[in-house]
Amino acid sequence: MTPPPIPWWKRTTTYQIYPRSFADANGDGIGDLQGVLGKLDYLQDLGVETLWLSPFFESPQADFGYDVSDYHAIAPEYGTMDDCRELIAAVHARGMKIVFDMVLNHTSDRHPWFLESRSSLDSPRRDFYIWRDGRRPSGAAPPNNWKSMLGGSGWHRDPSSGQWYWASFLGFQPDLNYRNPAVKAAMLATVRHWLAEGVDGLRLDIFNALFKDASFADNPFSWRAVPSEDNPHGFFQRNLHTIDHPDTIAFARELRAVVDEFHDPSRFLVGEVFGDAATLRRYCGEAADGLHLVFLFATMRARFSGKAVRALVEEYEQSFPEPFSPTYVLGNHDRPRSIHRVGGHRDKAKLVATLQLTVRGVPFIYYGEEIGMENHDIPLHEGLDPVAARYRFVPQWLVGLLRKRGILLNRDECRAPMQWDDGPHAGFSTGTPWLPAHPASPTVNVAAQKDDPASLLSCYRNLLALRRESDALQAGALEWIDDRQLSADVVAYRRVSGHDRAQVFLNFSGRAIPLTLGSSDSGRTVFSNRTGARTPSPAGYTLAPHEGIVVLER
Ligand code: GLC
């Protein structure tokens, strides 16, 4: 029996667009949907296949779109419903796919539901959100000890009723009450609405927080101070009742069933969840009937060494064996720019890209990563990001230390305008951009790298082209190439899909390492991150410092 075909979303390469910062077509300083439309040639030429857009729905923009006030309308600064439909159609016409960002956990506090909910104790929508009486006789203390994801109580008191509402993130993002069937039905209707519009997948914002425990019991104490990607507990508590609730994991399957109503093409869900690999896997369902993918953020913390990278891939392979698939995420709109982790070193960045685009899993590329855009060092007190406002008291040295640990207190740093050329505002806008362009934009930009075969951009383009040609790289199993003679600095694996096979050798050291492997003699080297060009057979090949090569065996 022939195995069922591998679904498209498992083979795809994804590119995240932060619409506000990508391209501004109307000169108001804010990126927009027409801007994205104008850059589709660039994206197609780059070779990415699926575009994920951060939210552009109606919103007061207090968290730049992650605070939705109407899930069915487009915020005017991004465009109109016609622009949105035009974008979906134009992406599809190019054989590409498009993914929207669904903020299911919370709405804006300006969403009509919340306005109605907070208006009175007996509003028919009161129960759309999570309201509780406070403790102490006067209700002056929060209902329990639960902390928000950013630290501090996640309860906010509404002066008109004296009750408290729950918000997992910031106070202006009240959590919806998924224990109310009307809420669930309304949000599932929203999901169906966008899938019916032709959207190919949904990215699910802080999905791990959806259900809170109905007992409202206190969370237990923990010694952990700072939460991280692989362990979201922190601020001295274990988020037993607020994160990874069994009902949230069950809801992943319910949501999957809704998405599975849509065929030809099939659609997919990718969840923003945090924790160790085993916890994350639970969201995908024991029978692979939950979320199709979850972001694996541990990649962002892996050290740049052969040993650390091999351990990471091994862990992902073990936790996400077929039919599951790992994801490889180097950056996003909340984290330090990925080149920061390799100290701005271009060759190292090329090596990491070679790993990301040849290993088994779905890669997510954050806009600008392909040209090596750096963090924009914007002081905390100048940050427009509401998270920066919340942490304004933190000294700048601590901001730097946390950034090194992968935590951004001012997320403006990674959201600077896309660097298109060396013109004013990096070619992003003819107006004044909402965030200033990075000072390096005159040299680090698309125009400067486009025709340079040795550029980071060319490296990405070559890798993406290679991957599109190779069934093994898109969908093959991963086997380790174990050779005792091979240095531990070299990560070596083979991707295998039927007769199509590819070998990958990645040198994580700063010295040249000869490959003595007999197995590589039979292939032909088709890619090197150093030369950019296709090189001859690897027999007796010596890997240059930080060189990665791909050898196709056919
Ligand atoms: C997610 C988003 C982040 C947003 C938060 C609240 O972590 O990625 O940008 O601020 O959720 O919606």
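Q: How far does a polar side-chain atom of aspartate 334 lie from an oxygen atom of the ligand?
A: In this predicted model, the distance from that side-chain atom of aspartate 334 to the ligand oxygen is 2.5 Å. A pair of N or O atoms is read as a polar contact when the two are within 3.5 Å, and the aspartate 334 pair, at 2.5 Å, is to be read against that cut-off.

Q: Which oxygen distances to the ligand belong to glutamate 272 and aspartate 205?
A: For glutamate 272, a polar atom of the side chain is 2.9 Å from a ligand oxygen. For aspartate 205, an N or O atom of the side chain is 2.7 Å from an oxygen atom of the ligand.

Q: Where does the ligand sit, and which residues come nearest?
A: The ligand is in the largest pocket. There are 13 residues around the ligand, and the nearest are Asp63, Asp205, His333, Asp334 and Arg411.

Q: How many residues of each class does the shell around the ligand have?
A: Sorted by class, the shell holds 7 charged, 3 polar and 3 nonpolar residues.

Q: In what order do the strands of the 8-strand sheet run, and is the pairing parallel or antiparallel?
A: The order is the sequence of neighbours across the sheet. Here it is E11-E10-E9-E5-E2-E1-E13-E12, an open sheet with parallel pairing.

Q: How many bridges pair strand E5 with strand E9, and which residue is the bridge partner of aspartate 101?
A: Strand E5 (residues 97-102) and strand E9 (residues 201-204) are paired in the parallel sense over 4 bridges. Aspartate 101 has arginine 203 in E9 as its bridge partner.

Q: How is the 3-strand sheet put together?
A: This open sheet has the order E6-E8-E7, with antiparallel pairing. Strand E6 (131-132) and strand E7 (155-157) are the edge strands, and each pairs on one side only. E7 pairs with strand E8 (residues 164-166) over 3 bridges, in the antiparallel sense. Across from histidine 156 stands tyrosine 165 in E8.

Q: Where does a cis peptide bond involve proline 265, and what is phi of aspartate 264?
A: The bond from aspartate 264 to proline 265 is cis, with omega near -5 degrees. Aspartate 264 has phi near 45 degrees, which is positive in a residue other than glycine. Aspartate 264 is in the loop between H8 and E10, and proline 265 lies in the loop between helix H8 (246-259) and strand E10 (268-271).

Q: Which residues does the cis peptide bond with omega about 5 degrees join?
A: That cis bond links glutamate 322 and proline 323. Proline 323 is placed in the loop between helix H10 (306-319) and E12.

Note on methods: Residues numbered from 1 in each chain as written. Predicted model: local features only at pLDDT ≥ 70, side-chain atom pairs only at ≥ 80, totals over all residues. Heavy atoms only, no water. Near = heavy atom within 4 Å. Polar contact = N/O pair within 3.5 Å; in protein donor to acceptor, adjacent residues only side chain to side chain. 1 Å grid on protein atoms, 1.4 Å probe; cavity = no way out; pocket = protein on both sides within 12 Å on 5 of 7 lines; lining within 4 Å. Sits in = over half its atoms within 2 Å of the grid points. Nonpolar A, V, L, I, M, F, W, Y, C, P; charged D, E, K, R; others polar. Pairing = 2+ DSSP bridges. Helix = DSSP H or I, 4+ residues; strand = E, 2+ residues; numbered from the N terminus.
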